[in-house]
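This report describes how the parts of one protein model pack together. Please consult the sequence and the structure shown here while reading.

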Amino acid sequence: MDITKKLKALSHKTRLEIVRMLLQRSMCVRALARHFNVTEPTISVHLRVLREAGLLYGEKKSYSMHYHVRREELESIAACFTELAALPAQPPSCCGNGNQCRCHCHRKDHLPK
């Protein structure tokens with residue numbers, strides 16, 4: 001699944017907090033709604049976004065659904081950022097040599113003082 005969908009799902013403060021809570025223990029909609037002091041339908045919308053992004057799964061227990069985090073999905077997001085952070089810096093694409101730069105974007109004599 002596309003990482004951007006996962007990141008978008010996690011970008012909402014409430015959804016990120018839901019994930020934090022569910023990493024510690026599984027919970028049902030009612031318990032989450034009580035914790036956040038919101039309605040169950042509101043929590044259900046957040047859970048749907050997280051499920052559709054592949055970050056959560058539900059497990060039926062008695063009459064309610066308890067939600068769990070797919071930890072491997074969080075690990076894949078972390079691995080993506082680790083790869084990004086390891087990319088080497090490259091010279092600007094306008095040229096390979098600062099003295100021959102036509103746009104003067106990185107020449108020493110053109111830098112602000």
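## Packing in the model

His46 is a residue of helix α4. Helices (H or I, at least four residues) and strands (E, at least two) are DSSP runs, numbered from the N terminus. With a relative accessible area of 10%, His46 is buried; buried means under 20% relative accessible area, exposed over 50%, and partly exposed in between (1.4 Å probe, protein chains only). Apart from its neighbours within four places in sequence, His46 is in contact with His12, Thr14, Arg15 and Ile18, where contact means heavy atoms within 4.5 Å.

This is a predicted model, in which local features need pLDDT of at least 70 and side-chain atom pairs count only at pLDDT 80 or more, while totals for chains, interfaces and linings use all residues. Residues are numbered from 1 along each chain as its sequence is written, and side-chain values use heavy atoms, with hydrogens and water left out.

**The nonpolar core.** The largest nonpolar core contains 21 residues. Such a core is a set of buried Ala, Val, Leu, Ile, Met, Phe, Trp, Tyr and Cys residues joined through side-chain atoms within 4.5 Å. The residues with the most contacts inside it are Ile18, Leu22, Leu32, Ile43, Leu47, Leu50 and Leu55. At least two residues of this core come from each of α1 (3-10), α2, β1 (27-28), α3, α4 (40-52) and β3 (64-69). Beyond its neighbours within four places in sequence, Leu47 is in contact with Ile18, Leu22, Val29, Leu32, Leu56 and Tyr67.

Val29 belongs to helix α3 and is buried, at a relative accessible area of 15%. Its C-alpha lies 6.0 Å from that of Glu40, although Val29 and Glu40 are 11 residues apart in sequence. With neighbours within four places in sequence set aside, the contacts of Val29 are Glu40, Ile43, Ser44, Leu47, Met65 and Tyr67.

**Helix pairs.** Two packed helices are described by the angle between their axes and the distance between the axes. Axes are lines fitted to C-alpha atoms, for helices over the stretch in contact, and angles run from 0 to 180 degrees between N-to-C directions.

Helix α2 (residues 13-24) packs against helix α3 (residues 29-36) at about 120°, with the axes 12 Å apart. The two helices are therefore oblique to each other; angles under 35 degrees count as roughly parallel, over 145 as roughly antiparallel, 65 to 115 as roughly perpendicular and the rest as oblique. In this pair, Thr14, Glu17, Ile18 and Met21 of α2 meet Leu32, His35 and Phe36 of α3.

The axes of α1 and helix α5 (residues 71-86) come within 11 Å and cross at roughly 105°, which makes α1 roughly perpendicular to α5. From α1, Ile3, Lys6, Leu7 and Leu10 take part, and from α5, Glu73, Leu74, Ser76, Ile77, Cys80 and Phe81.

**Two loop residues.** Positive phi values occur at Asn37, which is not a glycine, and at Ser62, also a residue other than glycine. The strand β2 spans 56-61.
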